[in-house]
Amino acid sequence: MGDFPSRSAVRRPTDADGPPIPPDQRRGGQPLGGGGALPTKARFSMESGFRGLSTAAGAMVLVIIVAIAIFLVSKAVPVLSANTENFLTYKAWFPNDTEPRFGIAALAFGTVLSSVIALLVAVPIALGIALFLSHYAPKRLATPLGFVIDLLAAVPSVVFGLWGRDVFSQPVQDFSVWLNKYFGWLPIFGGDGPFGRSILLGSLVLAIMVLPIVTSLSREVFQQTPGMNEEAALALGATKWEMIRTAVLPFGKPGVIAAVMLGLGRALGETIALALTLGTTFTISANLIQSGGNSIAANIANTFGEANATGRGALIASGLVLFAITLVVNMIARAIIYRRREFRDSSA
């Protein structure tokens with residue numbers, strides 16, 4: 001039929017032609033068939049090596065966290081068994097006595113109180129700065145201003161602590177006297193003094209330290225708002241603030257919450273700044289302006305040098321509580337970030 005040979009014209013191989021040629025030796029060593037042009041996959045490649053290194057790095061983080069937890073627990077359990085008071089409810093701190101007596105209640109209260117007040121001060125300011133940089137400021141101003149704010153995170157804690165103790169304490173003391181004069185009927189501003197190294201001073205210094213973290217993360221979240229959402233709000237006649245309130249803030253809510261939680265973790269673990277700005281009292285009081293207050297991290301820095309073996313174990317036990325608190329806070333922050341696919345994809 002036409003130019004096509006018939007089946008009978010096709011010559012079939014016989015034994016006289018010799019053994020068949022293996023497929024991998026035909027056409028210059030390449031096997032026949034559609035996949036013959038594809039190179040065989042190497043057993044060890046750069047991709048598999050990078051995947052292995054990434055997996056090992058991620059596993060190493062978990063190993064380090066578990067190792068830290070095991071160390072803290074192993075050092076804290078013997079000392080806690082020797083404690084003659086309830087570790088979670090006792091307020092005083094006398095681990096160096098013949099009969100050790102120490103508790104975490106006052107320290108945990110001061111840690112949480114100073115951190116919460118710091119967030120109450122820092123978060124509104126941080127959100128305002130983030131919105132200004134992302135939606136109001138011109139680019140030639142937003143870029144250098146954002147860079148300057150990010151530089152605050154690189155300032156060492158001891159610098160903030162020394163500045164708060166030697167420079168910022170006097171304005172805060174004057175402000176405390178004013179609060180006590182006009183709002184002394186409130187328990188948080190009551191008392192007869194002295195007003196100096198107080199929860200208010202430590203919280204304001206913490207707020208300055210937390211500010212760049214919350215600002216930077218919130219600004220990145222606000223800049224990820226889809227442009228179509230903003231344009232749709234403006235097309236419907238919304239003002240600039242109404243567009244931010246209806247399109248930007250709802251979209252960035254999970255990211256802002258995560259930024260606040262990360263800032264809280266930063267404030268909970270701060271040591272030197274609070275050690276230089278807080279008092280060393282072991283009391284539970286809601287008064288913010290009177291001298292006093294303490295935190296877990298500050299107590300470790302202040303008393304570690306004079307602690308004996310039991311005292312060091314007690315400090316490690318308090319560090320275990322702080323480790324658990326900060327770990328829970330950061331886990332909650334990461335869970336909030338992964339709730340939305342936009343943030344999960346951008347962090348992958």
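The protein's secondary structure comes to eleven helices and two strands. Helices here are DSSP runs of H or I with at least four residues, strands are runs of E with at least two, and both are numbered from the N terminus. This is a predicted model: local features need pLDDT of at least 70, side-chain atom pairs count only at pLDDT 80 or more, and totals for chains, interfaces and linings use all residues. Residues are numbered from 1 along each chain as its sequence is written, and side-chain values use heavy atoms, with hydrogens and water left out.

**Overall layout**

- Along the sequence, the elements run α-β-β-α-α-α-α-α-α-α-α-α-α.
- The protein has 348 residues, and 37% of them count as buried. Buried means under 20% relative accessible area, exposed means over 50%, and partly exposed lies in between (1.4 Å probe, protein chains only).
- Among contacts with a separation of 6 or more, 71% come from residues 24 or more positions apart. A contact means heavy atoms within 4.5 Å.

**Surface**

**Salt bridges**

- Side chains of opposite charge can pair when their charged atoms come close.
- The structure holds six salt bridges. Each is a side-chain nitrogen of Lys or Arg within 4 Å of a carboxyl oxygen of Asp or Glu.

**D150 and R219**

- D150 and R219 form a salt bridge through their side chains, at 3.3 Å from N to O.
- D150 sits in helix α3 (residues 139-151) and R219 in helix α5 (residues 199-223), so this pair ties together parts 69 residues apart in sequence.
- D150 is partly exposed, with a relative accessible area of 31%. R219 is buried, at 10% relative accessibility.

**R165 and D166**

- The side chains of R165 and D166 also meet in a salt bridge, with an N to O distance of 3.0 Å.
- R165 counts as partly exposed at 34% relative accessibility, while D166 counts as exposed at 52%.

**E270 and R266**

- E270 and R266 pair in a salt bridge at 2.6 Å, N to O.
- E270 is buried, with a relative accessible area of 3%. R266 is partly exposed, at 28% relative accessibility.

- Salt bridges with shared partners join D150, R219 and E220 into one network.
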